[in-house]
Amino acid sequence: MYTLYGFKGSGSASVEMALRVIGADFRIVNAATWEPSSAIEELRTVNPLGQIPTLVLPDGSVMSESAAILIHLGLASEPGLLLPANDAARAQAIRGLVYIPANCYSCITILDYPERFTTEKDKEALDSVRAGTRERLHKHWDIFADTFKPSPFLNGAAPGALDFFAAVVSKWAGSRPHLKEHRPGFFDLLERIEAHPSVADVFNAHWEKK
């Protein structure tokens, strides 16, 4: 059995979706550094950084970093479920899985903790860091939307690892409203991923429909 450490509304949602799609046996442990009443100390016994998602594999080994986990699950499962079976398409999916944390998620960290990235600690300076970073984040999503084309999903006939990751990370920092205005086709894709029967219940559990 896999053990997934995560929390509602976090990046662990993409790994939960992947585990469901491949039919893996897994349990979820709610843990987050921002939720002291969660199993954060248990998480730190397997990942001292306290990162989520953290996935304990059936053999007891530990994986962290969402992209690495999704790539591993994709390569370890039936071709086509999480990563395209075609070599060229699979290479592009892996490229996309690395693009998101390298460019988009890195901006989220700055938005959450701007004080770590400037020696100026006043509110005006921190707001300026946030504003510039948000603009950069949205530009990164524009480039992603222009580079990775669905057919009809990023994974092919059904959504896979890259679809799940893009749909989850784009939930944060105003990216969806930006994409709806500037990349409406990609925004529609994200909506279709969320509504897909294979993972709709996971999305609904992490982000309740209003």
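Reader: Which residues does I69 touch, leaving out those up to four places away in sequence?
Author: With that exclusion, I69 touches V15, P53, L55, M63 and S64, where contact means heavy atoms within 4.5 Å. The model is a predicted one, in which local features need pLDDT of at least 70 and side-chain atom pairs count only at pLDDT 80 or more, while totals for chains, interfaces and linings use all residues. Residues are numbered from 1 along each chain as its sequence is written, and side-chain values use heavy atoms, with hydrogens and water left out.

Reader: Where is the place of I69, and is I69 buried or exposed?
Author: I69 has its place in helix α3, and at a relative accessible area of 0% it is buried. Buried means under 20% relative accessible area, exposed means over 50%, and partly exposed is in between, using a 1.4 Å probe and protein chains only. Helices (H or I, at least four residues) and strands (E, at least two) are DSSP runs, numbered from the N terminus.

Reader: What about phi at E65?
Author: E65 is not a glycine, yet it has a positive phi of about 75°. E65 lies in the loop between β4 and α3 and, at 46% relative accessibility, counts as partly exposed. A173, in the loop between α6 and α7 (175–182), has a positive phi of about 60°, although it is not a glycine. As background, most residues other than glycine have a negative phi, and most peptide bonds are trans.

Reader: Switching to the sheet, in what order do the four strands come?
Author: The order in this open sheet is β2-β1-β3-β4, with mixed pairing; two strands pair if DSSP finds at least two bridges between them. β2 and β4 (62–64) stand at the edges with a single partner strand each, so one side of each has no neighbour in the sheet. Neighbouring strands are turned by 20° against each other on average, direction ignored.

Reader: How many bridges hold each pair?
Author: β1 (residues 2–6) pairs with β2 (residues 26–30) in the parallel sense over five bridges, and T3 has R27 as its bridge partner in β2. The chain crosses from β1 through helix α1 (residues 12–21) to β2, and this β-α-β crossover is right-handed, meaning that, with the strands pointing away from the viewer, the path from the first strand over the helix to the second runs clockwise. Three bridges join β1 to β3 (residues 54–56) in the antiparallel sense, with Y5 opposite T54. β3 and β4 also run antiparallel, joined by three bridges, and the bridge partner of T54 in β4 is S64.

Reader: Is β1 mostly covered or open?
Author: β1 is mostly covered, since five of its five residues are buried. Y2, L4 and G6 point one way, T3 and Y5 the other.

Reader: How do α4 and α5 meet?
Author: The axes of α4 (residues 87–112) and α5 (residues 123–147) come within 8 Å and cross at roughly 165°; axes are lines fitted to C-alpha atoms, for helices over the stretch in contact, and angles run from 0 to 180 degrees between N-to-C directions. The two helices are therefore roughly antiparallel, on a scale where under 35 degrees counts as roughly parallel, over 145 as roughly antiparallel, 65 to 115 as roughly perpendicular and the rest as oblique.
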